[in-house]
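Here is a short note to read beside the model. Please keep the chain view open as you go through the points.

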Amino acid sequence: MRALVRAAWRAFEVSLRLRVVSPWTYLNWLLFPVIFAAIGLFMLTSSGIDRVAYGVLGGGIIGFWSVAYLDGGNSIQDERWQGTLEQIFAVPTPLFVIVIGKILSSLLLGLMSFIPTVALAYFGFHAALPGLDPVRFAVSLGVLTLSFFVIAVALTPLFAVWRWAFTVLNGLEMAVYGLCGFMFPISQLPSWLQPISYLLSPTWATRALYASANPTPSANFVSWWLAALGLSAIYLGLSFLLYRFVDARARVTGQLALA
Amino acid sequence: MTGLRKVYTSTRGTFRRTKVQNIALDGIDLAIAPGELFGLLGANGAGKTTTVKILTTLLLPTSGSARVLGRDVVTETGAVRRQIGFVFGGERGLYWRLSGLDNLRYFADLYLIPPQVSKQRIPELLAKLGLAGREHDKVEGYSRGMKQRLHLARGLLNDPDVLFLDEPTIGLDPVGARDLRLLIRGLADAGKTIFLTTHYMFEADAICDRVAVIKKGQIVAQGTPGSIKQLVGEIGVVEFEVDAITPEGLDRLRALPGVSSVATADLELAVRVTVHCAHPPDVMTRLGLVLDGVSLHRVSAREATLEDAYVELVGDST
């Protein structure tokens, strides 16, 4: 067990070091969130809408999501391009342990997205969150982090066996912004789309996060946290099956070696 | 390996796709003894890499079975992975933006090697493979030979009982390739079982205890390099150089009694002609008649090498 923890830690460390020297990382955690936050803040503060929290936190959540969701998978694609995917696949450490290390480094970088967006909100738009409940906010952010972590761990193996996963999952990244209410409440979505939102764990964690940042009388934090955790548990169970499938599929098709 | 077979399914066409089956391995039977340096020889696409990938648990066979150190490569994957090392030829497969040392540390942890062991083993491997002093440099600054030696160090991290080397000297300069061959032979002499694939016949001849020749996914011969040469024992080789030779001249050579194949190679100022034949002296005496008017240089006859035997066994097909 200690050896597996050490392997995950090393995967985390190596992944972090490789990302620090990659320009894509800076686009994802710094530039894109700031652009989204700037647009959101401009619209929400100038229109007088009482949803400044979406402007302050929305860009950060988007940056967090982008890095957490895609960087783990993209790093698998990078492994394929540099010819190391077969090497890490054929070691005694299970692939999911390596993926966990990679995703943890994604989460760390993703969390940093809040630094430039909150700074932009405060210094650029004088936007603040005076009603923020620090304890509920911290718990909600933790639940959101866990839900991102589970989704990333679950989807990352798809990059190993299907090269088209890179394209499809990159394309779905933005759909989730809307479906999970990162920049606006999901009540704004068409009613036929909202059931899909309810099946996504970040929806509930995001709802709790915004409610903790802006006093909301009708908030039901415990239910929302449990909904996010319950859905995450289901994803995790499905990912267990997915890893077994990926292991077998990769060894049948020989896709790991294909660039 | 018993009856090992691997069939890949792919598609052909863009809009109207049809499934195509490619047989990479077609019923391979091989047994390699502990401590043996075994060479699998074959042309590109003959099935060498597929064989190695099945044995290293990266691919599943379509049918048949393979065991490494008595363990099934399909059902006992974890146990096999712990006891083997593998090195694929070429420059890929390393983290170029990390140092050589960081590459080794990472894989040491992925091989679940205790830190106290890896702290001792990594410097030993770096010294043994001539990388000491450059271990803190990023891999992107390494020469191709250094990268290949780093690959080998990675393959030896877990002190494997069996080492798989897939075309390890490909692309290396002659000195680098020779040094690597000496290292590989040294590992075998130290007791490691080594499964090597190559299409460099002299390499197999120089270091392998036994070899097998694979053609279109089937083993067409196996034995010691000497015994493989004896399979074509009646074959000798006549070589000579000419300024130029016509297709008709080559046809006349092929028509001589006992000639099994004729090959040409362009040199800088001449063409070298290699004739595989049953009775080299007979061919040599007839050369002047067959190639009337052509000035011949450096005419010689020699015994068949492993490469000659390989050419006879494999021909021009993969």
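1. First, a term. A residue is buried if 20 or more other C-beta atoms lie within 10 Å of its own, exposed if 12 or fewer, and partly exposed in between; the C-beta atoms are placed from the backbone.

2. Next, the ground rules. This is a predicted model, in which local features need pLDDT of at least 70, side-chain atom pairs count only at pLDDT 80 or more, and totals for chains, interfaces and linings use all residues. Residues are numbered from 1 along each chain as its sequence is written, while chains are lettered from A and ligands numbered from 1 in the order in which they are written.

3. Now chain B as a whole. Chain B has 11 helices and 15 strands. Helices (H or I, at least four residues) and strands (E, at least two) are DSSP runs, numbered from the N terminus. The C-alpha trace of chain B spans about 75 × 50 × 45 Å along its principal axes. Of the 318 residues in chain B, 41% are buried.

4. Look at E167(B). Is this residue buried or exposed? E167(B) is buried, because 20 other C-beta atoms lie within 10 Å. E167(B) sits in the loop between β8 (162-166) and α6 (174-189) of chain B. Its phi is near 45 degrees, a positive value in a residue other than glycine.

5. Then turn to T57(B). Where is T57(B) found? It lies in the loop between α1 (48-55) and β4 (63-65) of chain B. T57(B) has a phi near 70 degrees, which is positive in a residue other than glycine. T57(B) counts as buried because it has 25 C-beta neighbours inside 10 Å.
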